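Hello,

I am passing on the structure we talked about, and my notes on it follow below.

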Amino acid sequence: MVEAIIVLLVLGVAGFFIIKNYNPAVILIVGGIVLLALAAALGHPLYGEGEGTGFVVFDIFKKLKDTIVSNMTGSGLILMILFGYSGYMNKIGANQVAVDILVSPMKKIKSKTLFIPIVFLLGNLMSLVVPSASSLAIILMAILYPMLQGMGISSMTAAGIIAMTATIMPTPLGADNVIAAETLEVNLMEYVMYHARISIPVLIILAIVHCLWQNHCDKVEGEKAFVKIDESKLKKQETVANLPKIYALLPLLPLILILVVGIAAMVVPSITMDVFILTFISFIVAIIFETIRTKELKSVVNASSEMFIGMGEGFGRVVILVVGGSLFTSGIQALGVIDSLTNAVQHTSSAGLVTMVIFALATCLFGILSGGGLAMFYAVIAMIPGIAATAGVHGMLITLPMQMIANLSRTISPVAAVIMIVASTVGVSPTRILKRTAVPTIVAIALVMVLAVVLLPY
């Protein structure tokens with residue numbers, strides 16, 4: 001009982017600071033250290049006999065070291081190289097070439113009715129190239145917003161669509177997919193395929209819902225839906241001159257290689273897929289392309305350091321957040337609260353469904369309050385396999401809805417970076433953008449939970 005109260009108090013304090021926009025990774029690490037210290041003070045061992053340092057204070061920080069090492073040698077290393085590769089693609093301009101090619105067919109569409117769902121689906125497709133929701137919003141506001149207005153589509157409709165373009169695309173290059181697959185000990189491509197079973201139907205339905213909802217809002221708002229925008233706020237992307245069109249394939253090359261090797265492994269089972277290796281091969285291919293294009297080896301080599309700078313950014317932005325979440329979970333486990341929780345769930349009727357709904361709704365609430373639910377997702381992912389096993393369900397039934405809702409929840413949060421960026425660019429309050437995203441997001445969340453029950457393994 002005392003342990004449960006401690007966990008709730010620390011969770012409440014950590015949640016308060018995260019909602020107040022304190023760095024979530026640091027808050028989770030500090031919270032984890034506090035939980036481990038309290039567990040030791042209450043007589044709970046942090047390590048088995050002969051496994052620790054021999055001094056309890058050192059054991060607390062050994063837990064931190066072990067958590068960092070375990071993440072750096074597994075999924076953390078993959079996340080870092082994916083961040084690094086994305087940074088290098090930005091540096092050489094390949095991402096912009098891919099975006100330009102994806103956008104160019106839009107100029108041929110004449111129907112306003114078709115334009116809205118196509119822009120939404122295209123924006124989600126672009127998230128494969130530009131994984132950051134806020135960065136993608138900046139690009140789309142500069143490229144697609146003027147095009148949408150030229151079609152006679154209202155400013156608020158354009159803003160509502162762009163604010164929701166980075167949501168739940170199924171991709172093996174996604175940090176959350178990599179972490180979830182490794183934690184559940186599921187093949188990454190298998191996990192992504194289950195993700196696609198839910199996310200693709202949801203995205204298609206969501207495109208239709210957007211069309212209907214935005215048209216309804218335009219009728220209600222009338223002329224107020226059209227806002228004159230200060231074009232100086234549209235940040236034009238810098239492009240590298242005369243880049244060949246083939247550069248558009250480079251940002252997607254790791255994904256292409258993963259798919260090719262995955263298919264090859266079905267024919268030759270001895271071949272194993274390694275995302276790190278395939279991404280580094282893509283990096284070398286990109287360097288060769290740049291060397292041939294520029295014929296300046298020194299500048300190419302110097303520019304390639306962006307890969308390793310990006311890896312550092314990946315550690316600072318995502319890996320350390322996963323470390324904080326894992327350490328926080330270790331503190332809860334040390335206090336024995338997870339064992340008590342799993343025992344309670346085990347004796348509940350429809351334990352798996354109840355657990356899925358609890359975690360999904362908690363993630364949604366946290367996401368609305370903090371501007372993004374992924375911090376909570378990374379914080380609790382480590383405990384999901386144990387809880388799922390006790391509840392007698394597959395871990396994906398809990399993890400996938402929680403993961404998708406973590407991404408969707410930011411589109412109904414007034415403090416989410418993507419909402420604030422779009423609102424400030426258009427020159428309206430975030431609540432006006434939320435009116436445009438609320439109904440589609442709620443529909444998407446409901447669909448995710450229903451389809452998870454229908455389509456995921458138990």
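Let me begin with alanine 388, which touches Val393, His394, Gly395 and Ile398, leaving aside residues up to four places away in sequence. Please keep in mind throughout that this is a predicted model. Alanine 388 sits in helix α18, residues 384–391. Its relative accessibility is 1%, so alanine 388 counts as buried, the limit being under 20%. Alanine 388 and alanine 4 are 384 residues apart along the chain, and 20 Å separates their C-alpha atoms.

Further along is proline 414, in the loop between α19 (395–408) and α20. Is this proline buried, exposed or partly exposed? Proline 414 has a relative accessible area of 36%, which makes it partly exposed. Again not counting residues up to four places away in sequence, proline 414 is in touch with Ile368, Met420, Pro430 and Leu434. From proline 414 to arginine 432 there are 18 residues in sequence, and the C-alpha to C-alpha separation is 9.8 Å.

Two other residues have a positive phi and are not glycines. One of them is glutamate 185, with phi near 55°. Glutamate 185 is placed in the loop between α9 (175–184) and α10 (188–221), and its relative accessible area of 74% makes it exposed. Lysine 295 also has a positive phi, of about 55°. You will find lysine 295 in the loop between α12 (275–294) and α13 (297–304); at 69% relative accessibility, it counts as exposed.

Next, a pair of packed helices. In general, such a pair is described by the angle between the axes and the distance between them. Here helix α2 (residues 24–41) packs with helix α3 (residues 56–72) at an angle of about 145°, and their axes are 10 Å apart. The crossing of α2 past α3 is right-handed. On the α2 side, the contact is made by Ile29, Ile33, Leu36, Ala37 and Ala40, which meet Val56, Ile60, Phe61, Lys63 and Leu64 in α3. Nine residues of this contact are nonpolar, none is polar and one is charged.

Finally, the cysteines. How many disulfides does a search of the whole structure find? The search finds zero. For cysteine 211, the closest cysteine sulfur is in cysteine 217, 12 Å away. A disulfide needs the two sulfur atoms within 2.5 Å, so this separation is too far for a bond. Looking from cysteine 217, the closest cysteine sulfur is that of cysteine 211, again at 12 Å. Cysteine 211 counts as buried at 9% relative accessibility, and cysteine 217 counts as buried at 7%.

Terms used:
Residues are numbered from 1 along each chain as its sequence is written. This is a predicted model: local features need pLDDT of at least 70, side-chain atom pairs count only at pLDDT 80 or more; totals for chains, interfaces and linings use all residues. Side-chain values use heavy atoms; hydrogens and water are left out. Buried means under 20% relative accessible area, exposed over 50%, partly exposed in between (1.4 Å probe, protein chains only). Axes are lines fitted to C-alpha atoms, for helices over the stretch in contact, and angles run from 0 to 180 degrees between N-to-C directions. Helices (H or I, at least four residues) and strands (E, at least two) are DSSP runs, numbered from the N terminus. A crossing is left-handed if the near helix is turned anticlockwise from the far one by less than a right angle, and right-handed if clockwise. Contact means heavy atoms within 4.5 Å. Ala, Val, Leu, Ile, Met, Phe, Trp, Tyr, Cys and Pro count as nonpolar, Asp, Glu, Lys and Arg as charged, and the others, Gly among them, as polar.
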